[in-house]
Amino acid sequence: MASRLSTSAGATARRGQRGAAALLIGPFLLLFLVTLVAPIGYAAYLSLFREQSSGLGFGGTETVFSGLGNYVRAATNPSFQEGFLHIALYCAVYIPVMIGGALVLALLIDSAAARAKRFFQLAAFLPHAVPGMIAAIIWVFLYTPGLSPVHQALNLFGAEADFLGPDAILFSMVNAAAWQWIGYNMVIFYAALQAIPRETLEAATVDGAGGLRTAWAVKLPMIRSSVVLTTLFTSIGAIQLFTEPETFRAHTAGLSADWSPTMFIYQAAFSQHDFGLAAAASLLLALLGVVLSFVVTKLGNRWKEA
Amino acid sequence: MPTLTSSPPTAPPRRTGPGPSPSPRRARRPRAGLGSRTAVNGVLLLMSFYMLMPVTWLLLAATKDNGDLFGRPGFLLGDFNLFANLADLFAYHDGVFGRWLANSALYSVVGSAASTLLCLAAGYAFDKYAFAGREKLYGFVLLGLLVPSTVISLPIYLLASKAGLIDTYWAVLIPALANPFGVYLSRVFSDGYVPAETLEAARMDGAGELRIFFSIALPMMRPAFMTVFLFSFTGSWNNFFLPLVMLNDHQLYPVGLGLFTWNANLSQYPEQYALLVTGSLVSVLPLVLAFVCLQRYWRSGLTAGAVK
């Protein structure tokens with residue numbers, strides 16, 4: 001996308017275009033700065049102060065500078081630490097299931113053997129049309145004994161499962177979130193697979209590679225930038241886990257109110273009105289996001305060189 | 001409809017499309033054995049069952065009353081009470097559910113239309129105008145994609161409360177307007193749909209730059225408008241954290257947040273099960289229908305996202 005300005009355009013025209021560019025980008029940029037950039041700066045500012053509430057409401061708080069005190073308080077808080085452990089476990093299950101599942105589905109639909117490709121794509125994508133909170137509610141229903149066809153089917157085989165018990169709850173949440181997002185990522189992978197030049201695939205076939213081998217050795221390496229990017233966004237989303245545990249919490253004893261870091265931040269900010277702690281904790285979470293982006297990109301680059 | 005819309009602008013035309021249209025590839029592709037054909041399609045059928053089962057169950061469950069929900073569980077049919085459930089749903093608490101639906105429609109339609117226009121203008125300008133620091137500014141905007149929304153929700157709440165916007169429609173509408181992904185899509189689409197020559201010709205005819213955008217480029221980007229709008233619409237229909245933080249007044253809730261409060265109280269009011277089931281179905285159907293009808297647009301959006 002190099003410069004499209006024709007060389008014949010005069011200086012006046014160019015100035016007019018610069019003005020137009022400013023007018024067209026301006027409104028977006030203003031909102032971007034006010035609703036995205038400024039809040040990050042404000043969070044950093046808030047994290048350095050401790051609001052001591054001397055009464056009820058906003059009027060009665062006094063603000064004391066506390067340096068990195070809030071960060072120390074957040075980092076040493078046992079529930080916050082546990083929250084990181086919880087999402088580490090969650091990510092360890094969720095990210096492989098999500099990326100692996102979406103990849104396998106995309107490769108299957110892209111394979112020569114698949115029929116009704118359009119239907120399968122639509123079927124996989126439809127759960128994404130269900131809002132995350134509603135998806136969580138629907139899965140709570142499907143996990144509830146006496147209500148759910150899943151339990152009914154299990155009972156037919158004489159089996160029973162406690163999807164909302166403390167041991168299974170993590171996997172139950174992974175399932176609800178994966179159900180909603182696998183199709184979305186699958187369509188991204190499928191689109192990338194469609195962009196592989198046909199000659200490359202034909203060459204692989206001529207060389208005697210079967211469907212599985214072509215998928216693994218030819219197709220997968222060719223869409224790795226999509227895979228890396230999707231892994232990146234999946235990780236950023238997963239560490240912010242909030243909707244599923246917050247919805248499931250009303251139905252299980254396995255989840256505390258500050259089970260995930262985001263829930264901890266929400267509690268600190270809106271139940272305890274400890275804004276300094278919430279801001280520091282949210283920046284620590286953002287830091288984890290930065291580290292994860294870095295790691296995923298690095299691993300992606302190494303994969304490219306390999 | 002312009003012929004351009006039949007294929008996404010960024011996907012190289014290797015295949016004419018995954019549909020039943022007889023593509024040249026189909027004739028030449030290697031024949032898969034019966035075994036692998038059965039295995040592949042079998043797995044895909046299982047996947048479809050997994051994907052479609054929950055909403056199918058919801059559809060059936062919405063036809064049952066509270067007794068049948070538990071008395072005739074799963075896919076067993078009970079007495080047909082869909083219309084009674086709908087009547088109950090919309091009558092409950094002076095019709096608060098209808099109010100929530102209207103709120104959601106307002107947040108999603110108005111917010112997404114405004115957001116889409118902003119994104120298209122910015123994406124078009126990033127694509128068509130050369131100015132100093134363009135790519136740096138563009139990269140800065142794309143970095144916004146990586147910002148965890150939870151990090152900014154508290155400061156945005158405090159800023160909104162200083163501006164006196166808590167418990168107003170604005171508190172939910174304004175923070176959702178700036179959408180970096182929309183700018184990215186718009187730039188890709190502007191590159192694909194708006195030829196530089198057309199703009200040059202308009203300039204020769206003496207049209208001003210803004211007029212060129214609004215009366216020439218914008219109509220050419222109509223498919224882009226639909227795609228960006230659809231993604232933005234889903235985003236705001238899905239948005240849960242922002243309204244949760246910004247709104248205390250039940251009358252301003254979007255439908256998702258309203259159902260969330262019903263869900264949280266379910267153990268105290270078990271008679272709300274049928275309400276919650278029916279409400280979930282009603283809040284899901286508009287989006288499912290929109291996605292089935294507007295397939296071309298989300299496909300091209302995700303394609304643009306994939307071919308970076």
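Me: How many helices and strands are there in chain A?
Reply: This is a predicted model. Chain A holds both kinds of element, and the count is 13 helices and 2 strands.

Me: What radius of gyration does chain A have, against that of a compact globule of 306 residues?
Reply: The C-alpha trace of chain A spans about 80 × 75 × 35 Å along its principal axes. A compact globule of 306 residues would come out near 19 Å. Chain A has 25 Å.

Me: What percentage of the residues of chain A count as buried?
Reply: A residue is buried if 20 or more other C-beta atoms lie within 10 Å of its own. Of the 306 residues of chain A, the share that counts as buried is 46%.

Me: Among contacts in chain A between residues at least 6 apart in sequence, what share join residues at least 24 apart?
Reply: Take the contacts in chain A between residues at least 6 apart in sequence. The share that joins residues at least 24 apart is 70%.

Me: Is α2(B) oblique or parallel to α15(B)?
Reply: Helix α2 of chain B covers residues 34-61, and helix α15 of chain B covers residues 273-293. Their axes come within 9 Å and cross at roughly 130°. Therefore α2(B) is oblique to α15(B).

Me: How do the residues of the contact of α2(B) with α15(B) divide into nonpolar, polar and charged?
Reply: From α2(B) come B:V55, B:L58, B:L59 and B:A61. From α15(B) come B:V277, B:S280, B:L281, B:V284 and B:V288. The division is 8 nonpolar, 1 polar and no charged.

Definitions and conventions:
Residues are numbered from 1 along each chain as its sequence is written. Chains are lettered from A and ligands numbered from 1 in the order in which they are written. This is a predicted model: local features need pLDDT of at least 70, side-chain atom pairs count only at pLDDT 80 or more; totals for chains, interfaces and linings use all residues. Axes are lines fitted to C-alpha atoms, for helices over the stretch in contact, and angles run from 0 to 180 degrees between N-to-C directions. Helices (H or I, at least four residues) and strands (E, at least two) are DSSP runs, numbered from the N terminus. Angles under 35 degrees count as roughly parallel, over 145 as roughly antiparallel, 65 to 115 as roughly perpendicular and the rest as oblique. Two residues are in contact if their C-beta atoms, placed from the backbone, lie within 7 Å. Ala, Val, Leu, Ile, Met, Phe, Trp, Tyr, Cys and Pro count as nonpolar, Asp, Glu, Lys and Arg as charged, and the others, Gly among them, as polar. The radius of gyration is taken over C-alpha atoms; the globule rule is 2.2 Å times the number of residues to the power 0.38. A residue is buried if 20 or more other C-beta atoms lie within 10 Å of its own, exposed if 12 or fewer, and partly exposed in between; C-beta atoms are placed from the backbone.
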